Amino acid sequence: SKLSEGCKLLTELDLSYCKQISGPGLSKLGGGCPQLQALNLSSCYQIIDPWMQNIAQGCPQINSLVIKYCHQVTEAGLASFPKSVKITGYVKPLVA
């Protein structure tokens, strides 16, 4: 994604309600925005755990993550982030 190629100093990014987000795009974001500190992915329904792991690995400065209505993200995907990261909007699925 072009965003990640030209934004090495980007510290905050709000992608909430972006319906066209893809795994490759988020993977590049992780590697291309090493200064990213705050990321909002609310209502990005396609987000899955491996993509979250890529962000955690590629954005070591991240300290705030919003994932409201990202129903495919599980605790496994969030476990990649350090405990110090403030994660908001995650709702643990009910067990039937």
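Guide: One term to start: the radius of gyration here is taken over C-alpha atoms, and the globule rule is 2.2 Å times the number of residues to the power 0.38. Keep in mind that this is a predicted model.

Visitor: What radius of gyration would a compact globule with 96 residues have, and what does the protein have?
Guide: The rule puts a compact globule of 96 residues near 12 Å, and the protein has 12 Å, so the two agree. Along the principal axes, the C-alpha atoms fill a box of roughly 45 × 30 × 20 Å.

Visitor: How many helices and strands?
Guide: Four helices and four strands. In sequence order the pattern is α-β-α-β-α-β-α-β.

Visitor: What share of the residues is buried?
Guide: Buried residues are 38% of the 96. The accessible surface is about 5600 Å², and carbon and sulfur atoms account for 57% of that surface.

Visitor: And contacts, how many join residues at least 24 apart?
Guide: Take the contacts between residues at least 6 apart in sequence: 64% of them join residues at least 24 apart.

Visitor: Let's go to α3. Which of its residues are buried?
Guide: Helix α3 covers residues 49-58, and the buried ones are D49, W51, M52, I55, A56 and G58.

Visitor: Where is S43?
Guide: In the loop between β2 and α3.

Visitor: Is S43 buried or exposed?
Guide: Buried. Its relative accessible area is 1%, and the cut-off for buried is under 20%.

Visitor: What does S43 touch?
Guide: Leaving aside neighbours within four places in sequence, S43 is in contact with Y17, K19, K68, Y69 and C70.

Visitor: New topic, pockets. What is the volume of the largest pocket?
Guide: About 160 Å³.

Visitor: Which residues line the largest pocket?
Guide: The lining is I67, K68, Y69, C70, H71, V73, G89, Y90, V91, K92 and P93. By class, seven of the lining residues are nonpolar, two polar and two charged. K68, Y69 and C70 in that lining are also on the contact list of S43.

Visitor: Last one, K28. Where is K28?
Guide: In helix α2. K28 is partly exposed, with a relative accessible area of 44%.

Visitor: How far is K28 from K83?
Guide: They are 55 residues apart in sequence and 23 Å apart in space, C-alpha to C-alpha.

Conventions:
Residues numbered from 1 in each chain as written. Predicted model: local features only at pLDDT ≥ 70, side-chain atom pairs only at ≥ 80, totals over all residues. Heavy atoms only, no water. 1 Å grid on protein atoms, 1.4 Å probe; cavity = no way out; pocket = protein on both sides within 12 Å on 5 of 7 lines; lining within 4 Å. Points joined across faces, edges and corners; volume = space filled by probe spheres on them. Nonpolar A, V, L, I, M, F, W, Y, C, P; charged D, E, K, R; others polar. Buried < 20%, exposed > 50% of the residue type's maximum accessible area, 1.4 Å probe, protein only. Helix = DSSP H or I, 4+ residues; strand = E, 2+ residues; numbered from the N terminus. Contact = heavy atoms within 4.5 Å. Areas by Shrake-Rupley, 256 points an atom, 1.4 Å probe, with all protein chains shown as cover.
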